[in-house]
Every structure is written in C-alpha cells, then in structure tokens.
Amino acid sequence: MARIGFIGLGNMGLPMAINLLKAGHEVEGFDVSGAQVDRLVAAGGASAGSVKSAAARADVVITMLPAGKDVREVYLEPGGIIESANAGTLLIDSSTIDVETARLVAAAAEARRLPMIDAPVSGGVAGAQAATLTFMVGGSANAFARAQPLLAAMGKTVVHAGGSGTGQAAKICNNMILGVSMIAVAEAFVLAEKLGLAAQKLFDIASKSSGQCWALTSYCPVPGLVPTSPANRDYQAGFTAAMMLKDLKLAQDAARAANVATPLGAEAAALYGLYAAHGEGARDFSGIIRFIRGSGAV
Ligand code: NAD
C-alpha cells in the first residue's frame with residue numbers, strides 16, 4: 001500500500017482521495033481550504049499541513065488543482081513538490097491544464113529523478129465519487145505502470161496516451177469535439193422547432209442516422225428525450241459551461257502554439273464565452289441551447 005500526498009481536495013480531489021483511502025492506501029492531504037482538509041480527516045485521512053510535508057513524506061504525490069498557474073506554483077516554487085519530494089517519488093497531476101505547463105513541470109521533475117505523469121480525467125464529480133473516472137495518461141511506460149493500480153482505484157478506464165503532455169492533449173481534443181458537437185446538436189433542434197419538426201422525431205431519426213453522437217444520445221440538450229440529461233433538471237450541472245469554456249480555451253491556446261487551424265473550436269470557445277458572460281457559467285454546458293434559441297430563458 002502506498003503513502004500518498006494528495007494536494008487539491010476540491011470537488012474532484014476530495015472524493016478521489018477518499019477512494020484511495022477505501023482501497024487501503026495512506027493519504028495525507030493538503031488544500032489551501034482547511035475545511036476540505038477536515039473532510040479528508042473525517043473520512044480517515046490525515047492533514048499534511050503544507051505542500052512541503054505532503055511531498056516529503058510520500059511515495060506518490062497526486063495533485064488536483066484548478067489551472068496551470070496553480071500547478072506551476074505547487075510544483076516549481078521554493079518549498080514546492082519538486083524541491084521537497086525524495087528521489088524516486090512518483091508525481092501524478094490530474095488537473096486539466098495546458099500541454100506546455102504539463103511538459104515543463106514533468107521535465108523539471110525528471111531532472112530531479114522524480115518520474116511524473118499528466119493524468120487528467122473525464123467523468124465529473126459523479127465519476128470521482130463512484131471511482132468510475134477515465135484517466136488519460138501522458139508519460140513514460142515505467143511511470144504509467146507504477147501509477148496504473150492507483151488510478152484504477154479512482155477510475156474505471158485508464159489509457160496510456162503516449163509521452164509527457166499527451167494526456168492533456170487527449171483531454172482538450174476530446175472536449176473540443178464535445179463542445180462543437182453540443183452546439184451542432186443544439187442548433188439542429190432549434191432549427192427543427194422552427195421548421196415544425198417535433199424534437200422527439202428528430203431524436204428518433206438522428207440517433208439512428210449519421211448525425212448520431214454522444215451529445216445527442218447521452219446528453220440531449222432538449223428535455224424529455226434522454227432520462228439522464230441535465231436538460232431534465234433545468235440544466236443543473238453536470239459539467240458547467242465555465243469548465244467547458246476553460247477546456248475550449250486550452251484547446252485554442254494549444255492550436256495557436258502548434259499553428260493548427262481549428263475554426264469550429266474557436267467558434268465554440270466564443271459562443272461558450274458569451275453564454276458564460278450572460279451569468280450562465282455555473283449552468284450545465286448543454287444549457288447553451290437556450291442561448292442559441294434566443295428565447296430569453298437563459
Ligand atoms: P475545485 O476548485 O473544486 O478544487 C480545486 C482545489 O484546489 C480547491 O479545493 C482549492 O482550494 C485547491 N487549491 C487551489 N490552489 C491550491 C494550492 N496552491 N495549494 C493547495 N490547494 C489548492 O476544482 P475541481 O472541480 O475539483 O477541479 C479540479 C481540476 O479537475 C480542474 O483542473 C478541472 O478542470 C478538472 N476537472 C474537473 C471536473 C469537474 O466536473 N469538476 C471534471 C474533469 C476535470
């Protein structure tokens with residue numbers, strides 16, 4: 001069983017850390033919010049008190065932080081993980097961040113003989129609680145092999161995507177597909193309404209035709225067609241529009257850096273930016289159909 005330092009005990013990190021406890025590992029946690037650390041302690045974990053002690057006492061350090069700047073701070077600054085961890089400690093960053101930061105931090109870690117993987121997740125808070133997350137992993141085969149059993153305690157699907165940064169690349173490419181396809185599905189249903197085509201009929205036909213996709217059949221933005229869809233509960237998230245916007249912006253940054261044209265990704269980022277600016281950032285991302293409809297029900 002591993003001694004794990006877990007940094008970033010938010011909506012995702014806390015249930016992930018609790019699943020590691022349930023699997024029999026020792027978990028010492030740190031978060032700038034003391035209330036989150038208290039929740040880990042109440043679940044049987046321990047408080048590390050600082051990033052430094054979380055890193056210094058662990059065989060494995062896992063981070064689940066909001067953004068790239070937080071990851072740079074927690075790993076690279078004096079008293080951070082890279083300075084404080086003992087050689088050989090495995091570092092796992094599960095935050096969703098830019099590819100460039102993921103590669104920069106992994107290179108700094110490996111220069112100190114600290115194997116590191118980027119392992120962002122898909123599956124949301126429900127997946128984190130139920131230990132059914134999908135992990136997309138970038139890093140060496142050896143680091144992946146060491147991390148695999150720990151990731152399996154927090155998720156159902158664990159895929160080695162390739163070298164450092166490819167986990168983050170997989171995450172932002174997947175979510176660019178999702179953002180674009182959700183908008184396409186929403187536009188099609190709004191057009192169908194105007195053309196006198198019933199939503200149920202469009203669903204029945206498109207879900208068995210070439211328009212079939214996850215945004216349509218698993219997460220339909222029109223209420224009443226897919227039982228689990230957030231559309232049935234006034235678009236309560238789920239996966240928020242703000243999170244989708246964050247991932248679409250990361251995809252745009254990566255596309256610019258790689259000199260790749262992604263015009264639909266850019267349009268999706270602009271639309272989600274407008275939707276969030278209307279005060280809907282905390283709403284589920286499928287709620288964008290109301291914005292597209294222009295019904296005033298945003
Ligand atoms: P969150 O804001 O709930 O949690 C982040 C935690 O990190 C907070 O508790 C915060 O206090 C802590 N933190 C921030 N800076 C810190 C620091 N310097 N040291 C220690 N702790 C610090 O966010 P979340 O929803 O748990 O998301 C975490 C990551 O997972 C993000 O990168 C997000 O994009 C990604 N993600 C989230 C979801 C989701 O549905 N929530 C799904 C997939 C991926």
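Helices (H or I, at least four residues) and strands (E, at least two) are DSSP runs, numbered from the N terminus. The structure is a predicted model, in which local features need pLDDT of at least 70 and side-chain atom pairs count only at pLDDT 80 or more, while totals for chains, interfaces and linings use all residues. Residues are numbered from 1 along each chain as its sequence is written, and side-chain values use heavy atoms, with hydrogens and water left out.

The loop between helix 11 (214-217) and helix 12 contains Gly238, and the peptide bond that leads from Ala237 to Gly238 is cis, with omega near 15°. Asp234 is also found in the loop between helix 11 and helix 12, and Asp234, although not a glycine, has a positive phi of about 55°.

Around the ligand there are 22 residues, of which Asn11, Met12, Asp31, Leu65 and Lys246 come nearest, where a residue counts as near if one of its heavy atoms lies within 4 Å of the molecule. This shell divides into 12 nonpolar, 6 polar and 4 charged residues, with Ala, Val, Leu, Ile, Met, Phe, Trp, Tyr, Cys and Pro counted as nonpolar, Asp, Glu, Lys and Arg as charged, and the others, Gly among them, as polar.

A polar backbone atom of Leu65 is 2.9 Å from an oxygen atom of the ligand, and a backbone N or O atom of Pro66 lies 3.0 Å from an oxygen atom of the ligand. The elements that give two or more residues to the shell are helix 4 (68-76), helix 7 (124-130) and helix 12 (241-258).

Key
Polar contact = N/O pair within 3.5 Å; in protein donor to acceptor, adjacent residues only side chain to side chain.
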